[in-house]
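Q: Some labels used for protein structures rest on cut-offs. Please go through a few of them for the model shown here.

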Amino acid sequence: MVVKIISVLLALSIIVPFGVYFLGKRSAKRGKAMLITNIASFFSTLAVSTLVLFANGVSAAGETAAPTVGVGSGLGYLAAALVTGLSTIGAGIAVAAASSTALGAISEDPKLMGKSLIFVALAEGIALYGLLVSFSILAKL
């Protein structure tokens, strides 16, 4: 029952701001305000529903000797997630800069294609290095 209520609240947090925006008077400020309201209502409903659903904890019927997970392994998982996420974001920024510059250089001189592809590939390597580091962190856990 709680899951149904939370699902309806999450759906309404998306539908209601868009309905108000499309039925009301449109302007640039109103659109930004509706977007901010939509994001705030969605994530606040999501946070409250997560707290409500997981407040009591999870217990098994035949609970015997559950393995304990310490703070160290939790921080290891967090580190692996951060390494992967941040390296991917950095690679995205680097690829955006390198590829737009490469397209400009190729449009002026087509002989520069090989050199510019190397720079784009080096930028993509950042994400692969982050993925390798996260795999090595997860292997230690």
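A: Buried means under 20% relative accessible area, exposed over 50%, and partly exposed in between (1.4 Å probe, protein chains only). This is a predicted model, where local features need pLDDT of at least 70, side-chain atom pairs count only at pLDDT 80 or more, and totals for chains, interfaces and linings use all residues. Residues are numbered from 1 along each chain as its sequence is written, and side-chain values use heavy atoms, with hydrogens and water left out.

Q: Why is L132 called exposed?
A: L132 has 55% relative accessibility, so it counts as exposed. L132 lies in helix α4; helices (H or I, at least four residues) and strands (E, at least two) are DSSP runs, numbered from the N terminus.

Q: Why is M34 called buried?
A: The relative accessibility of M34 is 17%, and therefore M34 counts as buried. M34 belongs to helix α2 (residues 28–53). Between M34 and G19 there are 9.9 Å in space, C-alpha to C-alpha, and 15 residues in sequence.

Q: What makes α3 roughly antiparallel to α4?
A: The axes of helix α3 (residues 71–108) and α4 cross at roughly 175 degrees and come within 8 Å. That crossing is why α3 counts as roughly antiparallel to α4. Angles under 35 degrees count as roughly parallel, over 145 as roughly antiparallel, 65 to 115 as roughly perpendicular and the rest as oblique. Axes are lines fitted to C-alpha atoms, for helices over the stretch in contact, with angles from 0 to 180 degrees between N-to-C directions.
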